[in-house]
Amino acid sequence: MSDSVQNPVWTSCKDAAGIAGNIFAFGLFVSPIPTYRRIIRNRSTEQFSGLPYIYALMNCLICMWYGTPLISADNLLVVTVNSFGTVFQLAYIILFIIHAERTKKVSMLASLLVVLGLFAIIVAGSLQIHDRMIRWISVGSLTVVSLISMFASPLFIINLVIRTKSVEFMPFYLSLSTFLMSTSFLLYGVLNFDAFIYVPNGIGTILGIIQLMLYFHYKKKSVQESKEPLIV
């Protein structure tokens, strides 16, 4: 390890970025709470889909495993953020299963079992790789694919905003939290010399900037249109 990495100032900056990422991620994790208040109040999942929580759980599990000392070094803050994420996603999935109709219950339960099964295979399989470098690269590659898939999901929202010229379906604080979390872990990955963290979060940061630019562009446009007189 180089002297720059061991430098206390360098380490403090890295830890600060990781802690900030944990805080901003918490904002993302609690964002579905209003939706679940509605589900619990109506005792129905209505037209809501549970798949985003399944995908998020898989992502959190893979990233949590990558952050453990068995896979990578000095990534405790990656473990903490994804441990919290795992707890939240499991809670959302259980609540979804409880209030869903029978068909959705079976589908969600099956999806949950598949995710847990895949994660068990990943853990068991990676532990069979005795070369630490190959193990790190293997699980790290899975982490990159998982994170990029998660960050790519806003592309559908971006396309919808451009087509409808409306930010109704792109909540500002959710977009801001995504951008801040991605930027924090981009810095954390750079300061930790970990490409498996800074590459996908760099992509997430770029997508976050695009979302915020679109939000302010179309929000300003809608405000200007609302100020135009109805009769000329």
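Trainee: How far is the sulfur of Cys-63 from the closest cysteine sulfur?
Mentor: Keep in mind that this is a predicted model. A disulfide needs two cysteine sulfur atoms within 2.5 Å. For Cys-63 the closest partner sulfur belongs to Cys-60, and the pair is too far apart for a bond, at 7.0 Å.

Trainee: What span is expected for helix H9, at 1.5 Å a residue?
Mentor: H9 covers residues 172-191, which makes 20 residues. Its buried residues include Phe-179, Met-181 and Tyr-188. From first C-alpha to last, H9 reaches 29 Å, close to the expected 28 Å.

Trainee: Which residue just after H9 takes a positive phi?
Mentor: Go just past the end of H9 and check the backbone there. The phi is about 55°, and the residue is Phe-193.

Trainee: Now the largest pocket: which element gives the largest share of its lining?
Mentor: This pocket holds about 1600 Å³ of space and is lined by 45 residues, with Pro-52 and Ala-56 among those nearest its centre. By class, the lining has 31 nonpolar, 14 polar and no charged residues. Helices giving two or more residues include H2, H9 and H10. The largest share, 10 residues, comes from H4.

Note on methods
Residues numbered from 1 in each chain as written. Predicted model: local features only at pLDDT ≥ 70, side-chain atom pairs only at ≥ 80, totals over all residues. Heavy atoms only, no water. Helix = DSSP H or I, 4+ residues; strand = E, 2+ residues; numbered from the N terminus. Expected span 1.5 Å × (residues − 1). Buried < 20%, exposed > 50% of the residue type's maximum accessible area, 1.4 Å probe, protein only. 1 Å grid on protein atoms, 1.4 Å probe; cavity = no way out; pocket = protein on both sides within 12 Å on 5 of 7 lines; lining within 4 Å. Points joined across faces, edges and corners; volume = space filled by probe spheres on them. Nonpolar A, V, L, I, M, F, W, Y, C, P; charged D, E, K, R; others polar.
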